[in-house]
Protein chains: 2
Amino acid sequence: MAMAQFGATPNGGVCRLALSDADKAARDQFVRWCEAAGCAITIDQMGNIFARRAGKRVDSPPVMACSHLDSVPTGGKFDGTLGVLAALEVVETLNDSQVATDAPIVIASWTNEEGVRFAPAMIASGVFAGIFDLEFALGRVDKDGRNIRQELQRIGYAGTAECQRWPLGAVFELHIEQGPVLEAAGKQVGIVTGVPAIRWMRLVLEGQEAHAGSTPMHLRRDPVRAAVAILQNAYDYIKRFLPDARFTVGNLLAEPGVVNTIPGKLAITLDVRHPSDKVVTEIEQWWHRVARDNGAILEKLWVSPSVQFSPEGITAVEKAANVVGASAMHLGSGAGHDAVHLTRVAPTGMIFIPCKGGLSHNEAESITPQDAATGANVLLHAILQVAQLV
Amino acid sequence: MAMAQFGATPNGGVCRLALSDADKAARDQFVRWCEAAGCAITIDQMGNIFARRAGKRVDSPPVMACSHLDSVPTGGKFDGTLGVLAALEVVETLNDSQVATDAPIVIASWTNEEGVRFAPAMIASGVFAGIFDLEFALGRVDKDGRNIRQELQRIGYAGTAECQRWPLGAVFELHIEQGPVLEAAGKQVGIVTGVPAIRWMRLVLEGQEAHAGSTPMHLRRDPVRAAVAILQNAYDYIKRFLPDARFTVGNLLAEPGVVNTIPGKLAITLDVRHPSDKVVTEIEQWWHRVARDNGAILEKLWVSPSVQFSPEGITAVEKAANVVGASAMHLGSGAGHDAVHLTRVAPTGMIFIPCKGGLSHNEAESITPQDAATGANVLLHAILQVAQLV
């Protein structure tokens with residue numbers, strides 16, 4: 001709640017765009033809390049903040065617990081922030097209990113996870129993992145023409161540490177689910193298995209633009225009517241890939257789009273997801289056949305392969321949930337997270353807790369203190385699986 | 001083709017917005033041709049042009065043949081113009097044959113039929129028929145802030161004759177069909193029976209805005225999926241009112257309308273038409289039930305009752321088609337026409353001829369010289385049914 005004051009909105013949410021004044025204030029508060037907990041702070045060239053609690057063994061690679069402090073314009077209090085502050089809570093708990101670990105523990109708060117102000121999302125963890133070039137990332141520009149380099153300097157977070165991967169024993173990220181699965185299943189904790197394969201496509205149906213009054217039904221080439229039949233089939237077709245498949249029509253654009261004209265054209269967006277790349281490719285091929293059979297054009301907008309979290313990461317979270325006695329289930333993550341990039345660097349695990357109604361990227365985003373505590377406990381014990389008690 | 005030079009577009013169409021310079025040039029040419037044909041010209045307060053060929057009997061109300069010379073921005077050569085010039089052709093033919101009629105014949109070219117520059121459409125025939133107030137009409141403003149009064153004065157067509165109904169024996173309008181029915185039926189002439197009842201509605205479906213990745217199919221409230229099921233039923237339902245019913249979804253607006261978000265809201269426009277007001281009301285009630293059953297909102301945007309042309313008007317056109325030996329069929333008009341307003345003044349009949357592919361309000365609008373001649377001959381003989389040969 002203290003962190004939620006930075007960028008607080010009248011409706012109880014948070015507007016804390018990356019590298020804004022609100023983000024700077026949140027970062028400053030986070031750094032003060034970490035220093036009070038005895039951590040050593042490092043800022044890298046992308047403004048990523050690393051807070052390190054020393055371990056007993058110098059040769060042991062650190063265990064990282066990470067997430068982000070930036071938000072979307074009408075975001076909630078918990079998206080990202082939960083994971084960063086739970087990691088701090090883990091460190092404070094170890095301090096309070098006077099527990100030492102073999103491996104150091106590093107809390108990471110990544111810059112610009114949301115990608116709303118500067119595209120793409122997860123850019124700074126991406127530079128760290130070697131996916132994006134540093135110069136490319138620093139040059140990314142917001143809608144007012146200011147780039148990440150300038151804004152890092154402006155808020156005092158243009159660090160000198162090189163932004164590149166270093167050895168890590170494991171990476172864990174606690175995050176709200178941002179979906180309704182845990183709540184519906186009555187589970188306290190989600191053990192995230194990975195991120196599904198994603199295809200974004202656009203189906204463009206051509207019709208014959210004509211007058212709604214003077215054109216009888218049997219003489220029309222109406223792309224809306226064609227789309228209705230196609231989508232009815234598509235919603236049926238996707239059933240064979242349930243429960244894991246997702247199929248979403250997010251937008252429909254009719255041209256000219258006026259009440260008394262049969263559209264000459266209709267473009268609909270298709271978002272298809274499934275944990276298996278093979279299944280998503282099969283679904284995409286179905287859409288190619290549908291397009292061909294209907295004389296339509298299918299444009300491929302985006303292809304994102306599936307990501308699997310490593311067995312070590314998943315097992316550590318499973319064991320931790322068991323130790324804590326939390327009811328848990330495996331599930332995929334619908335959204336992207338910094339942890340996805342970190343799979344390229346070290347064994348990685350993710351922990352979800354429920355959010356009310358599955359709502360996220362929404363000022364009404366809400367979690368219970370009990371679920372937050374359970375999630376933080378699972379994070380603690382997952383870290384201890386790897387960092388080893390002394 | 002000579003008239004089509006005024007406002008000619010590079011793609012072979014016409015841009016002759018009401019009271020534009022191109023409209024003035026077309027009006028001037030029309031007036032010159034009418035005067036050359038011996039007609040007396042009257043301009044009224046709405047800029048309507050009346051060209052009168054005298055009759056033998058002073059007490060006989062004139063027979064009117066009318067249409068319009070203005071066009072939509074990317075219009076064709078024949079919409080409106082055909083009816084005005086065919087009426088002139090009728091007068092010239094009577095002159096050439098030295099035929100006198102009992103009743104005078106008046107050619108009327110109505111101002112601003114299209115309603116594109118100044119809303120509403122058919123405003124000047126509406127003032128004539130007593131539907132719109134003169135001051136309301138003269139004050140209508142285009143998007144640049146210029147009103148009809150100013151523009152009539154600018155182009156020299158602010159006439160002094162009162163714009164109000166006077167006794168007419170009958171009114172006829174020849175027009176292109178603007179739909180594909182005659183072409184599909186292989187008929188030369190359409191005997192227009194009336195204009196159907198129209199309802200414009202908007203169905204607003206509320207959903208739960210949610211992430212396309214993290215929300216399983218069975219936990220969604222997706223307004224697009226709901227709309228697909230509703231529209232599938234609607235297209236089936238409308239079948240019981242064929243062949244006369246028309247049902248068109250011209251626009252679909254999803255919010256927020258992005259590829260990876262299940263829309264929180266979907267609004268779709270509904271255009272329903274049928275010659276029977278009772279049937280359209282029944283269809284509207286079906287939609288109210290659908291809205292209620294789906295927790296949706298149904299907004300009524302526009303109600304237009306059906307208009308029937310009078311038996312005298314229809315019979316005169318039927319007889320004329322028979323005299324000419326033209327293949328003919330009865331049909332409704334999907335679009336509005338000045339003749340619809342004139343039904344309040346006198347017995348009115350309309351004659352359609354085919355246009356290629358049913359295309360209109362389109363630069364590719366096209367008719368054959370044969371069909372134009374047949375239509376003009378039917379117009380001639382319809383006029384003679386009422387005006388009486390001497």
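A residue is called buried when its relative accessible area is under 20%. By that cut-off, six of the six residues of strand β4 (residues 105-110) of chain A are buried, so the strand is largely enclosed by the rest of the structure. This is a predicted model. It scores ipTM 0.84 and pTM 0.83. Chain A has a mean pLDDT of 96, and 99% of its residues reach 70 or more.

**Strand β4 of chain A**
- Both faces of β4(A) are covered.
- Ile105(A), Ile107(A) and Ser109(A) lie buried on one side, and Val106(A), Ala108(A) and Trp110(A) lie buried on the other.

**Its strand partners**
- Strand β2 (residues 49-53) of chain A runs antiparallel to β4(A), joined by five bridges.
- In β4(A), Val106(A) is the residue opposite Arg52(A).
- Strand β3 (residues 63-68) of chain A runs parallel to β4(A), joined by six bridges.
- Ser67(A) faces Ser109(A) of β4(A) as its opposite residue.
- A right-handed β-α-β unit is made by β3(A), helix α2 (residues 81-96) of chain A and β4(A).

**Nonpolar cores**
- The largest nonpolar core has 88 residues.
- Met46(B), Met64(B), Phe128(B), Phe172(B), Leu379(B) and Ile383(B) touch the most other members.
- Helix α11 (residues 369-387) of chain B gives this core its largest share, nine residues.
- Leaving out residues up to four places away in sequence, Met64(B) touches Phe50(B), Trp110(B), Phe128(B) and Leu342(B), among others.
- A second, separate core of 87 residues includes Val106(A), Leu182(A), Ile191(A) and Ile314(A).
- In soluble globular proteins, nonpolar side chains tend to be buried together.

Notes:
Residues numbered from 1 in each chain as written. Chains lettered and ligands numbered in written order. Predicted model: local features only at pLDDT ≥ 70, side-chain atom pairs only at ≥ 80, totals over all residues. Heavy atoms only, no water. pLDDT = per-residue confidence, 0-100. Core = buried A, V, L, I, M, F, W, Y, C linked by side-chain atoms within 4.5 Å. Buried < 20%, exposed > 50% of the residue type's maximum accessible area, 1.4 Å probe, protein only. Helix = DSSP H or I, 4+ residues; strand = E, 2+ residues; numbered from the N terminus. Contact = heavy atoms within 4.5 Å. Pairing = 2+ DSSP bridges. Right-handed = clockwise from strand over helix to strand, strands pointing away.
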